Amino acid sequence: MTSPTLDAGADGALPARGRSADAPSRSAVGRTDGRPGSRLRTKRRLEGGAVTLGSVLAALVWISPLILLVVSALRPLSDFLSNGPVSWPQELTLANFPEAWEAGQFGTAYLNSTILLLVKVPLGVLVASLLAYALAKLEFPFRNVILFTVVLGMTIPIYIAIVPLFTMLRGIGMTDSIAGIIPPYIAFGLPLQVLILQAFFRRVPEELLEAARIDGAGDVRIFARVVLPLSVPALVTVAILDGVATWNELFLALSLLSSEENRTIPLGLLNFQGQFATNYTGLAAGILIAVVPILVLYMLLQKYIVGGLTAGATKG
């Protein structure tokens, strides 16, 4: 009886039992699949590290003016002048802050700016929201023309309108008055506010408005009871941006306000600029006094700004 024979290769070697002769080994497969994955993970780590490092450097460059401002406010003027602004102070002092408060008359300036903030911002947001709702949801002739005209106001520089504006306010006796500066502030703030709000109002579902109309609600009630509650993120965003702009506005205040009792915070900072010299450290302390409240408010509410600007970007 002849025993069964196994086929041998050309070199006489027998194939391994239970495995095809041309099948690659597991170790070879592991090496082949592992090397590209390892290189990919290493590449991703390097890219992530580079992005993190770049972000840190960009943040340091971005915040460096604020750091320089704080250091300048905490050093004596003599040290600032002798060693230069970009140097570590030889000594630190808090004396610049009470001196800056008195020199800038910030007690009166804070009161006037706060009045403007509490009156002008809510009133401006209300007017802008009414106009934006009409342009976004109501049908009437020349709606797009009116929207284009309103948004076109963003391209008009303030200094072009200052002469006719001053003439009109003087004609009605409202120059050098906090109440007189509120209407121009509202007018120049409307274009950006209307642009943001009407884009958000367009995203309000028409079904909600139709349901409210079926229930007998008019346009005013729909606006107050349906649209405004749904638009809180956009309204808060507009209010914050308008508040920051109002707090920091200089040109109109400088042109329309002249008496000391009506000065706002940006006008108070002008007291540090003399004809022949400038109190740099006092100015730095005054700038910190001026910007810290609105900066803290901005940092606390920044999530509402991002949410309000992106809430109407996509349908959901």
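Biologist: Which side chain meets that of Lys 120 in a salt bridge?

Modeller: This is a predicted model, in which local features need pLDDT of at least 70 and side-chain atom pairs count only at pLDDT 80 or more, while totals for chains, interfaces and linings use all residues. Residues are numbered from 1 along each chain as its sequence is written, and side-chain values use heavy atoms, with hydrogens and water left out. A salt bridge requires a side-chain nitrogen of Lys or Arg within 4 Å of a carboxyl oxygen of Asp or Glu. Here the N to O distance is 2.4 Å, and the partner of Lys 120 is Asp 242.

Biologist: How many residues apart in sequence are the parts that Lys 120 and Asp 242 tie together?

Modeller: Helices are DSSP runs (H or I) of at least four residues, strands (E) of at least two, and both are numbered from the N terminus. Lys 120 belongs to helix α4 and Asp 242 to helix α10, so the pair links parts whose separation in sequence, in residues, is 122.

Biologist: Are Lys 120 and Asp 242 buried or exposed?

Modeller: Relative accessible area, found with a 1.4 Å probe on protein chains only, decides this: under 20% is buried, over 50% is exposed, and anything in between is partly exposed. By that scale, Lys 120 and Asp 242 are both buried.

Biologist: How far from Glu 249 is the nearest side chain of opposite charge?

Modeller: Glu 249 sits in the loop between α10 (232–248) and α11 (251–256). Lys and Arg count as positive, Asp and Glu as negative, and His and the chain ends are not counted. Glu 249 is buried but has no salt bridge; Lys 120 is the nearest side chain of opposite charge, at 9.4 Å.

Biologist: Which side chain joins that of Glu 249 in a polar contact of 2.5 Å?

Modeller: A polar contact is a pair of N or O atoms within 3.5 Å; within protein, one must be able to donate a hydrogen and the other to accept it, and residues adjacent in sequence count only if both atoms are side-chain atoms. A polar atom of the Glu 249 side chain also lies 2.6 Å from the backbone nitrogen of Leu 252. The side chain that makes the 2.5 Å contact with Glu 249 is that of Tyr 185.

Biologist: Which element gives the largest share of the lining of the largest pocket?

Modeller: The largest pocket holds about 570 Å³ of space. Its lining has 25 residues, and Tyr 185 is among those closest to its centre. Elements giving two or more residues to this lining are α4 (106–137), α6 (158–171), α7 (178–201) and α10. The largest share, 10 residues, comes from α7.

Biologist: Is Arg 263 buried or exposed?

Modeller: The side chain of Arg 263 meets that of Glu 260 in a salt bridge of 3.9 Å, N to O. Glu 260 has 37% relative accessibility and therefore counts as partly exposed. Arg 263 has 19% relative accessibility and therefore counts as buried.

Biologist: How many salt bridges does the structure hold?

Modeller: The protein chain has 14 helices and 0 strands. Across the structure, the number of salt bridges is 7.

Note on methods. On a 1 Å grid over the protein atoms alone, a cavity is a set of points where a 1.4 Å probe fits but cannot get out, and a pocket is an open set with protein on both sides within 12 Å along at least five of seven lines; lining residues have an atom within 4 Å of a point. Grid points are joined across faces, edges and corners, and a volume is the space filled by probe spheres set on the points.
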